[in-house]
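The structure comes first, then my entries.

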Amino acid sequence: GLRGRLARIAPGRTEHVDEFVDAAAIVLLVAVLATTGLTQDGDFAGIARQFPAAQVWRASDTFLRLKQWQAAGMLYQQLPVEIVHETGRYWHFYGICCYHLQQWAEARRCLLQAETLQPGPDIQLYLQWCEKGQNHD
């Protein structure tokens, strides 16, 4: 595989091979999801399950930074419960996705969980925006 090829190309200098392979896998996952249109219909859960959870998490974060809320949210949902259950970061970022998708109640639930586990400076602001969004719909 890729690790073996890199080891042959640069013998004795492979201390960062795993990092490069992880980065390549994330790029591949994001590229496949973005270019196949699978991010539009949410039919990529099976693809996400083929990658380790850490790579799916990084891909989710990438889509979040790109403001691809649906794709990021769907990928966050593919993360194993045992990884995300006690993680404020997960609840925070997934809550932001839900907010931008106008899923006010789910966003509020996630953001409240995030605030409990790991308070952040923008959580209160998002919670206020959720309330305003609920009042307008």
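Entry 1. I needed a rule before looking at any pair, and I took a salt bridge to be a side-chain nitrogen of Lys or Arg within 4 Å of a carboxyl oxygen of Asp or Glu. I also noted that the model is predicted. With this rule I counted 3 salt bridges.

Entry 2. I began with R109 and E106, which form a salt bridge with their closest N and O atoms 2.7 Å apart. Both belong to helix α9, residues 104-117, and because they are 3 residues apart, about one helical turn separates them. I reminded myself that an α-helix has 3.6 residues a turn, so residues three or four places apart point the same way. I then looked up accessibility: R109 is partly exposed at 44%, and E106 is partly exposed at 25%.

Entry 3. Which residue does R108 meet in a salt bridge? I found E131, with an N to O distance of 2.5 Å. This pair links distant parts of the chain, since R108 is in helix α9 and E131 is in helix α10, residues 123-136, 23 residues apart. The relative accessible area of R108 is 31%, so I wrote it down as partly exposed. E131 has 30% relative accessibility and is also partly exposed.

Entry 4. I turned to R89 and D61, whose side chains meet in a salt bridge at 2.0 Å, N to O. R89 lies in helix α8, residues 88-100, and D61 in helix α5, so the pair ties together parts 28 residues apart in sequence. Is D61 buried or exposed? Its relative accessible area is 9%, so D61 is buried, the cut-off for buried being under 20%.

Entry 5. I listed its buried residues as Q55, V56, W57, A59, S60, D61, T62, F63 and L64. I then checked the length of α5, which covers residues 53-65: at 1.5 Å a residue, its 13 residues should span 18 Å. Last, I looked just after α5, where K67 takes a positive phi of about 60°.

Key:
Residues are numbered from 1 along each chain as its sequence is written. This is a predicted model: local features need pLDDT of at least 70, side-chain atom pairs count only at pLDDT 80 or more; totals for chains, interfaces and linings use all residues. Side-chain values use heavy atoms; hydrogens and water are left out. Helices (H or I, at least four residues) and strands (E, at least two) are DSSP runs, numbered from the N terminus. The expected span of a helix is 1.5 Å times one less than its number of residues. Buried means under 20% relative accessible area, exposed over 50%, partly exposed in between (1.4 Å probe, protein chains only).
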